[in-house]
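I am opening a notebook on a structure that is new to me. I will look up salt bridges, then a helix, then pockets.

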Amino acid sequence: MHAMAIEHSKASIFYNTMSQIFPVTYSTPSAEALKSVVQGDYQIGLVTDCRFLHRGLNDTFLVATETAKFIFRVYRIGWRQLSDILYELEVLLHLSAQDVSVSTPVMRKDGGFAGILEAPEGLRHGVLFLYVPGKEPALDIEPQSELYGRAVAKVHAKSETFSSSHKRFQLDLDHLLNMPVRTIKPFLSHRKDDWEYVKRLADKLGRRLEKLPLEKLEQGF
């Protein structure tokens, strides 16, 4: 039998023994399919275009209608739970009501803000946001740095009265130090000296932070 035919036969046996859809840990949603999803879930007029913008911690898409633009965010599995997402959306709605210039989520036809997409890796949440035109600030230019600082200060000041019934992960010692160290460890299994250095540094930081009067420090969302 020809070598190529043998390899093809082996491949057929391999795929026939697997499930119909090969398991994945991450997939990129189809922009064309999302166009139909947005059209069906939101009252924003005729959706004329949906294009992929950015792949990062979330997948970002630009949605256009005949009169406006929007941003559609698809959250990755494991990055945010639904309660985290709803908490963060409430933050934006709160800040907007306090006259802070932020992008806010668009309400769905069902009255909610977060939808569900059945991706190959599992259920992912999607949210549509108002599009905010502008340019990325050049923070090495003093006037822009000052404006950026004023904006951040306003966010902090106006969020002091914020509260939510939704739970969000805490930026505590475990999240910022212990979890990253546990994540790094398997990748340094063949570099024992480097791992020992990371571990010593993490232990030193942990001991110093635990001595701080955390209950007296200010905490925001």
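**Entry 1: salt bridges**

I started with a charged pair. The side chains of D194 and R191 form a salt bridge, with N and O 2.8 Å apart. I keep in mind that this is a predicted model.

Next I asked how open each partner is. D194 has 35% relative accessibility, so I class D194 as partly exposed. R191 has a relative accessible area of 42%, so R191 is partly exposed.

I then looked for salt bridges with shared partners. D41, R108 and D110 are joined in one network that way.

How many salt bridges does the count come to? I get eleven.

I looked up another pair, D49 and R51. They form a salt bridge, and their closest N and O atoms are 2.6 Å apart. D49 shows a relative accessible area of 25%, and the buried class needs under 20%, so D49 is partly exposed.

Are E88 and R80 buried or exposed? I find E88 buried, and R80 is buried too. Their side chains meet in a salt bridge, at 2.6 Å from N to O.

**Entry 2: helix α3**

I checked the length of α3 next. The helix runs over residues 82–97, which makes 16 residues. At 1.5 Å a residue, α3 should span 22 Å. I find its end C-alpha atoms 23 Å apart, which agrees with that expectation.

An α-helix has 3.6 residues a turn, so residues three or four places apart point the same way.

D99 follows α3, and its phi is positive, near 65 degrees.

**Entry 3: the largest pocket**

The largest pocket holds about 1,100 Å³. I count 30 residues in its lining. Nearest its centre lie L92, S101, V102, S103 and V132.

Which elements supply the lining of the largest pocket? I noted β3, α3, β5 and α4, each with at least two residues.

I sorted the lining by class. I get 19 nonpolar, five polar and six charged residues.

**Entry 4: the second largest pocket**

What is the volume of the second largest pocket? I read about 510 Å³. Its lining has 19 residues, and Q170, L171, D172, L173 and Q219 lie nearest the centre.

α5 (173–184) and α6 (192–210) each supply at least two residues of the lining. I find the largest share in α5, with three residues.

By class, I have ten nonpolar, four polar and five charged residues in this lining.

Note on methods. Residues numbered from 1 in each chain as written. Predicted model: local features only at pLDDT ≥ 70, side-chain atom pairs only at ≥ 80, totals over all residues. Heavy atoms only, no water. Helix = DSSP H or I, 4+ residues; strand = E, 2+ residues; numbered from the N terminus. Expected span 1.5 Å × (residues − 1). 1 Å grid on protein atoms, 1.4 Å probe; cavity = no way out; pocket = protein on both sides within 12 Å on 5 of 7 lines; lining within 4 Å. Points joined across faces, edges and corners; volume = space filled by probe spheres on them. Nonpolar A, V, L, I, M, F, W, Y, C, P; charged D, E, K, R; others polar. Salt bridge = Lys/Arg side-chain N within 4 Å of Asp/Glu carboxyl O. Buried < 20%, exposed > 50% of the residue type's maximum accessible area, 1.4 Å probe, protein only.
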